[in-house]
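Visitor: I would like to go through this model one point at a time. Please keep the answers brief.

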Amino acid sequence: MSTDVSAVGTAGRLGETVVLDAAHVDVSYNVRGTERLAVRDVSFQIGRRESFGLVGESGSGKTTVALAVTRYLARNGRVSAGSITVNGQDVASLGRHDLRLLRARTVSMVYQEPGRALNPSIKVGRQVAEVFEIAGLNRSDAAGRAEEALRKVQISDPGRVLRSYPHQLSGGMLQRVVIAMALGAEPNLLILDEPTTALDATVEAEILELISSLREDFNTAILFISHNLAVIAKMCERVGVMYAGELVEEGPAREVFEQPRHPYTVGLLRCIPRRGQRKDHGRLDSIPGFLPAPGEVPAGCVFAQRCALADDRCTTESPPPYPVGDGDRTSRCHYHERAPLLPRATPEDVRLPAPDSDAAPVISLRRVAKTFTVRNDKVPALVDVDLDLYLGETLGLVGESGSGKTTLARVLVGLTPPDAGSSLELEGSALAPLATKRSREQLKGMQIIFQNPDSALNRRHSVRHLIDRSLTKLAGLTGAAREQSLQEIVRSVRMEPRHLGLRPSQLSGGLKQRVAIARAFAGRPSVLVCDEPTSALDVSVQAAILNLLADLQAKERVTYLFISHDLAVVRYLADRIAVLYLGRVMEYASAEAVFTGPHHPYTEALLSAVPSLDGALRERIILSGEIPSPAQPPSGCVFHTRCPRRLSSGICESTEPPLAEVEPGHSMRCHIPPSELRALQQIES
Amino acid sequence: MAHAAPRDYLAAAPGVSPDSPALLSDPAAIGLPPPASPPPSTDGGAGGAAGALDVSSRRIRREQMRLLLRSAPFIVGMVLLLWWVVCAIFGRLFVPYNPVNGSLLQFNLAPSGTHWFGTDSLGRDVLSRVIVGSREILIVSVLATVLGTALGTALGLVMGYFRGIVDNVVGRLVDAVLSLPVVIVALLFVAAVGPSARTLILVIGFVFALIIARTVRTAVLQERELDYIAAARLRDESGAHIMFVEILPNISAPILVEFTVRLGYAIFAIATLSFLGIGIQPPTPDWGADIAASYQYLAAGYWWETLFPALAIASLVVAVNLIADSIEAVVIR
């Protein structure tokens, strides 16, 4: 068979140093009596000290591959064909004892949620020491090694960490601990399954930096699984792109991302917002169609249904992994030479109306504050927030977890009452603190799209009921008029009438979010709060939703408050941006000004923390220290504990800078004069 | 919850296999992608395979039904329960003797070919009384449980949704009533209004309503934190709408489980009250009352008069509990 091409091609590449060798692996799950293939004919190899990235959207089979390597598949899953060899040992043939040894000594795994990887009721020290006890050390030696292990992952105060319970540590610290445990046994193969996905951007940058530096010290091969192409591009020498259970393209990471040779990779890369792309110019593309249902093996190429280049051959003949380039790359596409020419599915440039920033603001927030009381402690979540939103514009709200983004969204729509003294106005009229006290008109005028459609849509109601209810309550429509609006709205969010009878559980994540958007637009609001509407979605779906939001905004002249932790997404969509840190607006300016500078030092760190596919252009600023707890905000400037540009005069520690306008329309909360910031930042970038 | 998803640290421990069996429609557990995420949709809106990954509620229900029918405890429970239901409805048509009027000459007869379960001290056929005795207890227990579930669900929804003072006041009231055994509460009631089937239904229904309200309240507390409730508030829905149209359909599983579990308790409580003489009243054939009438003759060796009604109670309670457990295992994941 032609599938042998890849085996021949890559075996030569690594020779004797192969740590992990997956050859023509099929994994199938037995679901209610039927075998369903989840992974099909996947072959790749990882050599010593090599880092291999497995990238793909949810449902592509990445994690299944990792589980197959450690034989952690659920009871109904099995490797139904092919073989997986670790250090020359066939994983499938290992007995109980050898399998234990494999998992204890040879392969380690780090999971996405560090909080779930540690036992919450046992102190960290005990759990780390256990790794060494299993390796054969006695209790006191193991405790010593535990401390040493934490030092290796750059934990400055290992004693304190060892004496803590997992819940007392931050996510980033926990992930360090988990990595320390994974490396404790000095494994030959380290599997990292989305190790930074649950972490904030600045913390992610720290952890990625740590993993990079550890690779120098440890002689380990790494299998790095992520949905984030930029992270893989930064971390891995080689990458495999998975789609619908197949490895559609494989090769050196840089080459694959710069000259993709499979239409799926090409399409996927066009969905990721990059520098210079905006909602009206150089638009994100999207991939038409849907991922085939798991276990459904289409005849021919798995991607053919969604591929604009596909012809009869693609739907009948399954493409083997063709060697590409110098022979160390493969692509499962009959027409891999033509893949980069894949036509766009959506237009590249559209005309969008400019926001109307001369008129009075639609939303005006003054001195908005919110203090939560947690067991008699005052926890300020928002401090003196002043923001204006103008007709038809998108204000991007950026910040890490705990910055108060979501609190601000909930205060604005009236789900959380702000502190006394806060003033909120919608189109010139004051808004009551709680939604229940607001007029029907005001409720109708401002709606919200939540992050997680699974939580935001009642799972027992049909799509029709969900949208109808909003039309009835907000637009006040009934009968034929309601039905007509329903059809119109469904069309405008690009769903089809046949979706109306379905329940949310029968829809994909992207379709669910479309239902939520349709519902939010039912009452024709003037302001829409979007609370991380795409962060639960895959990139290709995210691109489609972002474009949909931009188009609807142009059509309906609605104002967005767009909340996101993802700067690239905000840059794509927002006209102006506010950066939040510990409940305070640190910088507030037009999107352009925020990205060209001068930046607030925190914005600067955020910008440099985000891995990008545009190549490592600038020196990364790694913030030291943890995000302070909002319950005990630092004195003076709240950012001074982590600020790399802190002034030596001590003013940052003692006095909180005001949010001052540094140039027209650009405000910042920093003691350093903007000209000085600009000078500092230009030198380094 | 006892059914929490397997946590990663279990898998992370070297040499420990997570080995969680893949449950029915929980795609995460079977390693398939969650139904939420896979098919990326498109700007082109070119349609596609929504529904290809069929996790519709009808499908889930069919799946649950099939799992139930495959579970031996459920089948055993169902067979037993159906037997007693048949006895309750048609028992009078096929009993070998008149269950109420016995032959006074044939009292305290041991089980034999003519009287399989023997006769009691009044000469009534025990088998006939056991068969017919299922009627009253089944009617009363089902009605009481239905009443308790309906009241308890409403109360739990109000407590969980409004919280605050309503929750506190009702919550303490529940605690107060539940600190007394059902039997004592029932005694007080019966002393006040006199024994009757209606009193029994009201008493048991009332006490169960309080217990069920607690379970429902907990379920509501989890639901009300979800964003669909916030979305409903933001379109100015009334409290009643949110409770009964938004929340209620989402907590039907725990309510169903609670109903079946409570039915078992209701049967037991009614039998107890009848035994104490304040439940179902003679001459209506009733297992509890029959045991009460006969247990003093145990010492004289007339064991059959007590044993068979006792076995009847036990079999019915066990049957209902088997069904309840099977349903819980299937419905609550």
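Visitor: In what sense do strand β10 and strand β12 of chain A pair?

Guide: Strands are DSSP runs of E of at least two residues, helices are runs of H or I of at least four, and both are numbered from the N terminus. Two strands pair if DSSP finds at least two bridges between them. Strand β10 (residues 246-252) and strand β12 (residues 329-331) of chain A have two bridges, and their sense is antiparallel.

Visitor: What kind of model is this, and how are residues and chains labelled?

Guide: This is a predicted model, in which local features need pLDDT of at least 70 and side-chain atom pairs count only at pLDDT 80 or more, while totals for chains, interfaces and linings use all residues. Residues are numbered from 1 along each chain as its sequence is written, and chains are lettered from A and ligands numbered from 1 in the order in which they are written.

Visitor: Which residue in β12(A) is the bridge partner of A:Glu250?

Guide: β12(A) pairs with β10 of chain A in the antiparallel sense. Within β12(A), the partner of A:Glu250 is A:Thr330.

Visitor: Which strands are the edge strands of the open sheet of eight strands in chain A?

Guide: The sheet has mixed pairing and the order β6-β7-β8-β3-β9-β10-β12-β11. An edge strand here pairs on one side only, which gives β6 (107-110) and β11 (322-324) of chain A.

Visitor: Why is strand β22 of chain A described as largely enclosed by the rest of the structure?

Guide: A residue is buried if 20 or more other C-beta atoms, placed from the backbone, lie within 10 Å of its own, exposed if 12 or fewer, and partly exposed in between. Strand β22 (residues 584-590) is largely enclosed because the number of its seven residues that are buried is six.

Visitor: How many bridges join β22(A) to strand β24 of chain A?

Guide: β22(A) also pairs with strand β21 (residues 576-581) in the antiparallel sense over six bridges. With strand β24 (residues 666-668), β22(A) runs antiparallel, and A:Tyr588 has A:Ser667 as its bridge partner there. The number of bridges between β22(A) and β24 is three.

Visitor: Which residue in the turn between β21(A) and β22(A) has a positive phi?

Guide: The two strands form a hairpin with two residues between them. The positive phi, about 50°, belongs to A:Leu582.

Visitor: Does A:Leu291 count as buried or exposed?

Guide: A:Leu291 is in the loop between α12 (263-269) and α13 (312-316) of chain A. Because A:Leu291 has 32 C-beta neighbours inside 10 Å, it counts as buried.
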